[in-house]
Amino acid sequence: MAAGTAAALVYLSQESRSRAGGVGGLRVPAPVTMDSFFFGCELSGHTRSFTFKVEEEDDAEHVLALTMLCLTEGAKDECNVVEVVARNHDHQEIAVPVANLKLSCQPMLSLDDFQLQPPVTFRLKSGSGPVRITGRHQIVTISNDVSEEEESEEEDNVEEEDELCPILPAKKQGSRR
């Protein structure tokens, strides 16, 4: 299982447990959907930056998992530095160089599902490219909609639990010889 998928499943498991309602301490996971779409962009002397962003009103969890950066046809033998601008855990914008590609010694770099939260900007800090960036856009949606039927079933189950008689200790019987 890929590291990105494993991380998403751990996240889903935690979210399902925290958002789900339950009876008697048991948790019923909320319906979850996970979609994955191919992502790609190209940086060059003409297009030095690209910003990946999603709609702010969207309730889904979005992750951009980068897989590879590579020089494409027409690249010169020069250093091409690619920088990622994103937000850290304190929501401060930071810029970090992630690749230094050169046609003669390192024309490509595998990022092994390097995961980022949008918005993310990619910049060709130096060099003329073209540099192709590829990955996956993963969308995780947790449905909080509970139908009226499910709510009434949960209420019925709670009432049934309240009506159950407590367990009484067994009566001792006279000893037999």
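**Notebook: salt bridges in a predicted model**

I looked up Arg136 and found that it forms a salt bridge with Asp113, the closest N and O atoms being 2.9 Å apart. The pair links distant parts of the chain: Arg136 lies in strand S10, Asp113 in strand S8 (residues 108–116), 23 residues apart. For a salt bridge I took a side-chain nitrogen of Lys or Arg within 4 Å of a carboxyl oxygen of Asp or Glu.

This is a predicted model, in which local features need pLDDT of at least 70, side-chain atom pairs count only at pLDDT 80 or more, and totals for chains, interfaces and linings use all residues. Residues are numbered from 1 along each chain as its sequence is written, and side-chain values use heavy atoms, with hydrogens and water left out.

Next I checked exposure. I used under 20% relative accessible area for buried, over 50% for exposed, and partly exposed in between (1.4 Å probe, protein chains only). Asp113 counts as buried at 13% relative accessibility. Arg136 is partly exposed at 22%.

I then searched the whole structure and got 3 salt bridges. One of them joins Glu83 and Arg123, with the closest N and O atoms 3.2 Å apart. This pair also links distant parts of the chain: Glu83 sits in strand S6 (residues 80–87) and Arg123 in strand S9 (residues 120–126), 40 residues apart. Glu83 is buried, with a relative accessible area of 9%. Arg123 is partly exposed, at 31%.

Arg132 forms a salt bridge with Glu42, and here the closest N and O atoms are 3.9 Å apart. Arg132 is in strand S10 (residues 131–142) and Glu42 in strand S3 (residues 32–43), so distant parts of the chain are linked, 90 residues apart. I noted Arg132 as partly exposed at 31% relative accessibility. Glu42 is partly exposed too, at 35%.

For the wider view I listed the elements. The chain has 2 helices and 10 strands. Both kinds are DSSP runs numbered from the N terminus: helices are H or I, at least four residues, and strands are E, at least two. From the N terminus on, I read α-β-β-β-β-β-β-β-β-β-β-α.

Last, I took the totals. Of the 177 residues, 29% count as buried. With contact meaning heavy atoms within 4.5 Å, 78% of the contacts between residues at least 6 apart in sequence join residues at least 24 apart. The accessible surface comes to about 12400 Å², and 51% of it belongs to carbon and sulfur atoms. That area comes from the Shrake-Rupley method with a 1.4 Å probe.
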